Amino acid sequence: MGTLLLGAAPIGRPEDASERLRAALASAPVIAAEDTRRLRRLAGDLGVELSARVVSYYDQNERARAAELLEDLLSGRDVLVITDAGMPGVSDPGYRLVRAAVEEGVPVSVLPGPSAVTTALVVSGLPTDRFCFEGFPPRRPGERARRLDALAREPRTMVFFEAPHRLEATLTAMAGAFGAGRPAAVCRELTKTYEEVRRGPLGDLAAWARDGVRGEITLVVGGAPEPEGLSDPSDLAAAVAVREDAGTPRKQAIQEIARENGLPKRVVYDAVVGARK
């Protein structure tokens, strides 16, 4: 029986590759690569001559390819999985093959190395004692808003990936869901020549991103602070009523009260609806 190897690839500089990854690239009989061209470029940068059977392994063919690779493993051949950057299985192909290997009793081993998640986390300046990885936010505005609303009271530091052309929209949505003053950091082109870390409140970062941002983006957002304001439904409904009496539209009043008290909008909305029954 072979061993499934998950190799962490450099997220920027080839010299960040580990010696174990270099050795695995040179000796593995089968390599499953997210992008075979990038794999060959990395091997060339590392001075490694590939002797493996190289197959593509990306999102669109992951399910079918996982079954083929499992056959290799059960036949006694080691399989090295490598993605374009970072650790396989973290917002990249790998999970299905790991699950299949575990279920069949195939040994699984990791060649640790670079990760955009932990690199961005530690450079962000935000708390690192507790954090969660949320991957890419949904692309559609409605789905994205619902996902962010569900995270509004998450106390842990949150790490996201995002495409540069969607960054402004995502930061704006986060400012609306979490509050414009929530601290965050946009980490761009980590470990590369033009690495940049922009820190500040979500509202300021959304304005900065309006002019356009390029490169690979990892976004780190501070967790929700401990609530210090209103929490009782009757108090929340009364606070909204005061804003409405002063001329603020109900929807805006609910948003303001939710943001000021560190609560999801849904909690305040439910309090208002409940008070009118």
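1. The UniProt record, an unreviewed entry, annotates residues 9-206 as "domain: Tetrapyrrole methylase"; such annotations may be inferred rather than shown by experiment. The span is 39% helix and 20% strand, and its end C-alpha atoms lie 30 Å apart. Helices (H or I, at least four residues) and strands (E, at least two) are DSSP runs, numbered from the N terminus.

2. The model is predicted: local features need pLDDT of at least 70, side-chain atom pairs count only at pLDDT 80 or more, and totals for chains, interfaces and linings use all residues. Residues are numbered from 1 along each chain, and side-chain values use heavy atoms, without hydrogens and water.

3. Leaving out residues up to four places away in sequence, Phe178 touches Leu148, Leu151, Ala152, Met158, Leu202 and Val221 (contact: heavy atoms within 4.5 Å).

4. In helix 8 (residues 202-209), Leu202, Leu205, Ala206 and Ala209 are buried, that is, under 20% relative accessible area with a 1.4 Å probe, protein chains only. These residues fall within an arc of 105° seen down the helix axis, so they line one face. Their cover includes helix 7 (167-178), strand 8 (183-188), strand 9 (196-201) and strand 10 (217-221).

5. Asn61 sits in the loop between strand 3 (53-56) and helix 3 (62-74). Asn61 counts as buried because its relative accessibility is 15%.

Conventions: Buried < 20%, exposed > 50% of the residue type's maximum accessible area, 1.4 Å probe, protein only. Arc of directions from axis to C-beta.
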